[in-house]
Structure formats: structure tokens, C-alpha cells
Amino acid sequence: MLKISCFNCQWSWSLNQEATQAALDSLGEGENYYATECPKCRRLNKIPIKQLKRALPRARDKK
Ligand SMILES: [Zn+2]
């Protein structure tokens, strides 16, 4: 489970393991963060890949 808090409005929400993995898988080469919209204010929050990987028990490496 990955907790995210919005940089803009401080709203916090979380991604479950599946969503976190999907987020990681959706990233292309050279991208080092995942951008997700805040459900409340719709601002884009950038989540570093490191943080995504830390939220998973065993991160799959794409390379
Ligand atoms: Zn927000």
C-alpha cells in the first residue's frame, strides 16, 4: 500500500499493491516518477519510482 499526499491540498489517499504495480509498469524508459492526479483538486502529483518500489514487497525490475 502506498500512501500519497497531495502537495497542493494535502489530501491523502492510497494505492493498493495492484495499483502500485500497475503504475510502475506503466512507466516508460527514462521516466523516474509516476504522475497521478489528486482525486480532490486534480493537480498532478509526481511520485518517485523509489517510493513506488518501496511500497511493493518485491518490486519487479523491468530491465
Ligand atoms: Zn489535491
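Me: What makes T20 count as buried?
Reply: In this predicted model, T20 has a relative accessible area of 0%. The label buried requires a value under 20%, so T20 qualifies. T20 is placed in helix α1. Leaving aside residues up to four places away in sequence, T20 touches L2, L15, L52, A55 and L56.

Me: Why is the arrangement around the zinc ion called tetrahedral?
Reply: The 4 donor atoms subtend angles of 105 to 117 degrees at the zinc ion. Four donors count as tetrahedral if all angles lie between 85 and 135 degrees, and the angles here fall inside that range, so the term applies.

Me: How do you know which residues coordinate the zinc ion?
Reply: The SG atoms of C6, C9, C38 and C41 lie at 2.2 to 2.3 Å from the zinc ion. Along the sequence, the donor residues follow the spacing C-x2-C-x28-C-x2-C.

Me: Are C9 and C41 buried, exposed or partly exposed?
Reply: C9 has a relative accessible area of 30%, and C41 has 26%. Buried means under 20% and exposed means over 50%, so both residues are partly exposed.

Me: What makes the contact of R42 and E37 a salt bridge?
Reply: The N to O distance between the two side chains is 2.8 Å. A salt bridge needs a side-chain nitrogen of Lys or Arg within 4 Å of a carboxyl oxygen of Asp or Glu, so this pair meets the rule. The structure holds 1 salt bridge.

Me: How exposed are R42 and E37?
Reply: R42 has a relative accessible area of 54%, and E37 has 40%. The label exposed is kept for values over 50%; R42 is therefore exposed, whereas E37 is partly exposed.

Me: Which residues have the most contacts inside the largest nonpolar core?
Reply: They are L2, I4, L24, L27, Y34, I47 and L52, in a core of 15 residues. At least two core residues come from each of β1 (2-5), β2 (12-15), α1 (17-26) and α2 (49-55). The largest share, 3 residues, is supplied by α2. I4 touches W11, S12, W13, L15, T36 and I47, with residues up to four places away in sequence not counted.

Definitions and conventions
Residues numbered from 1 in each chain as written. Predicted model: local features only at pLDDT ≥ 70, side-chain atom pairs only at ≥ 80, totals over all residues. Heavy atoms only, no water. Core = buried A, V, L, I, M, F, W, Y, C linked by side-chain atoms within 4.5 Å. Buried < 20%, exposed > 50% of the residue type's maximum accessible area, 1.4 Å probe, protein only. Helix = DSSP H or I, 4+ residues; strand = E, 2+ residues; numbered from the N terminus. Contact = heavy atoms within 4.5 Å. Donors = N, O, S within 2.8 Å, 3.2 Å for Na, K, Ca; no water. Tetrahedral: all angles 85-135°; square planar, octahedral: opposite > 155°, others 65-115°.
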